[in-house]
Amino acid sequence: MIEISLQENTVKLTNTYTNESEVVLDLGVKHNNYTTLSSQRLYQEYTSMINNYEVIKKYTYGETTLLDIVAITSLVFNELMNGKHTNIRALEVGSWFGCSSYFFANSLKTFSENNILFCMDTWNGSPDTMSHSIANYENAFEHFKSVMRYAGVYENIKPIVCDSTIGMDILQENFFDIIFVDANHTYDYVYQDIIKGIKKIKVGGLLIGHDCECYADELPPHLLHGDNKHLDGIEGYHTGVIKALDDIFGRDYSRFNASLVWYKRITQEDKDMIIQLEKKSSISYQRTDELVKAIKDSIQFIYNSSLDEKTETTQILLTDLVQVAQELENTMAEISGKINNKSIKLKANLLKSALIDYQITYENDFPQALMVLESSVIESFNDFWKCYSELDGSHVE
Ligand SMILES: C[S@@+](CC[C@H](N)C(=O)[O-])C[C@H]1O[C@@H](n2cnc3c(N)ncnc32)[C@H](O)[C@@H]1O
């Protein structure tokens, strides 16, 4: 168990099993030259905010623990004590009824009334959130605004009612000083929220996130096998968050003591890494376009010629086609890891299976092969094509 103690201008966390303790925030040290607030005043503000935890938790149906709130607020306090402390633009992705939003906004407000927290949420909830069902009989967005007003931070908050898959794209790049990610915790969403967060934050800004129990190499290995990374909350782990962090940063990010909060100072190298990833992904799209076109033309050619009889050309083309389908399936696996569409890989896989079926029947039972071609090959190609063209209009004719 972690014991939290606030005394003598410090916030200290003690592991009661090992007796090890760590001072996570020292409000008594000399902070930046511009802050007019005294250490005592900062300590008072911090303490009274943390003492509000039970009340805020009650009114926001909060599930974020006190330790995690201490982690978020301490990170924000440290940030503003040591650097710029006014005109801060922060973003929270996933606010729900506002538990973390209150503490985040109030920490910013402590340093300056000019500091703004943008809160992006659909306010439709996430099925993994225990309080999700409350939204069936209460308007979550109205509730969020009421609590923020009651708690005195409404003026410092700008809500953005939007799905982050769209909302993060329309925000200005290099705009935010701090971003906190706590929306949908499944792999594809959290991967995108982090990648986009890196683009939207300034170099030197602090990216923070929630629900990371450990580093990926500390997870029971079976949790990362196959599609398990897409599940959320299995065996007590948010595998989507842990795997997305690992895929993006490796181990190059920090965890805040024993809390579920992770953080990373964003560097120019992180931003360059995103540019490289995007280049790679546009190369995958280019290659996929070539593969899809090759498959389409070959199927058309085989269809036209197979109706008469078996030919050597068709036989060779068919073997090539199966190889092309294999490459397509691999490219789709890579692309579907980066976008929110798991079914595209499945469709590529079905197309490949249909082509293998066709190849086998072509060799052993030619009349039957024509039926396989007409039904499963052409059908699965059309099915794949429909899904692929819906992905992103920019890379298909
Ligand atoms: C775990 S809750 C956030 C909890 C909040 N940070 C707190 O401490 O109380 C997750 C929130 O993410 C929102 N959400 C889920 N998917 C989203 C998406 N794609 N875009 C924006 N918000 C989303 C849900 O509506 C929900 O409010």
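Predicted model: local features only at pLDDT ≥ 70, side-chain atom pairs only at ≥ 80, totals over all residues.
**How the helices pack**

- Start with helix 1 (residues 39-51) and helix 3 (residues 66-82): their axes are 11 Å apart, and the two pack at an angle of about 155°.
- That angle is over the 145 degree cut-off, so helix 1 and helix 3 are roughly antiparallel to each other.
- As for handedness, helix 1 and helix 3 make a right-handed crossing.
- Now follow helix 3 to helix 4 (residues 99-111), where the axes come within 10 Å and cross at roughly 20°.
- Because of that angle, helix 3 is roughly parallel to helix 4.
- The crossing of helix 3 with helix 4 is right-handed too.

**Around the ligand**

- The ligand is surrounded by 21 residues, and the closest are T64, D121, G125, S164 and D182.
- Sort that shell by class and you get twelve polar, six nonpolar and three charged residues.

- G125 uses its backbone instead, with an N or O atom 2.8 Å from an oxygen atom of the ligand.
- S164 also takes part through a polar backbone atom, which is 2.7 Å from a nitrogen atom of the ligand.
- On its own the ligand has 600 Å² of accessible area, and the protein covers 94% of that.

Technical notes: Residues numbered from 1 in each chain as written. Heavy atoms only, no water. Near = heavy atom within 4 Å. Polar contact = N/O pair within 3.5 Å; in protein donor to acceptor, adjacent residues only side chain to side chain. Areas by Shrake-Rupley, 256 points an atom, 1.4 Å probe, with all protein chains shown as cover. Nonpolar A, V, L, I, M, F, W, Y, C, P; charged D, E, K, R; others polar. Axes fitted to C-alpha atoms, helices over the stretch in contact; angles between N-to-C directions. Helix = DSSP H or I, 4+ residues; strand = E, 2+ residues; numbered from the N terminus. Parallel < 35°, antiparallel > 145°, perpendicular 65-115°, else oblique. Left-handed = near helix turned anticlockwise from the far one by under 90°.
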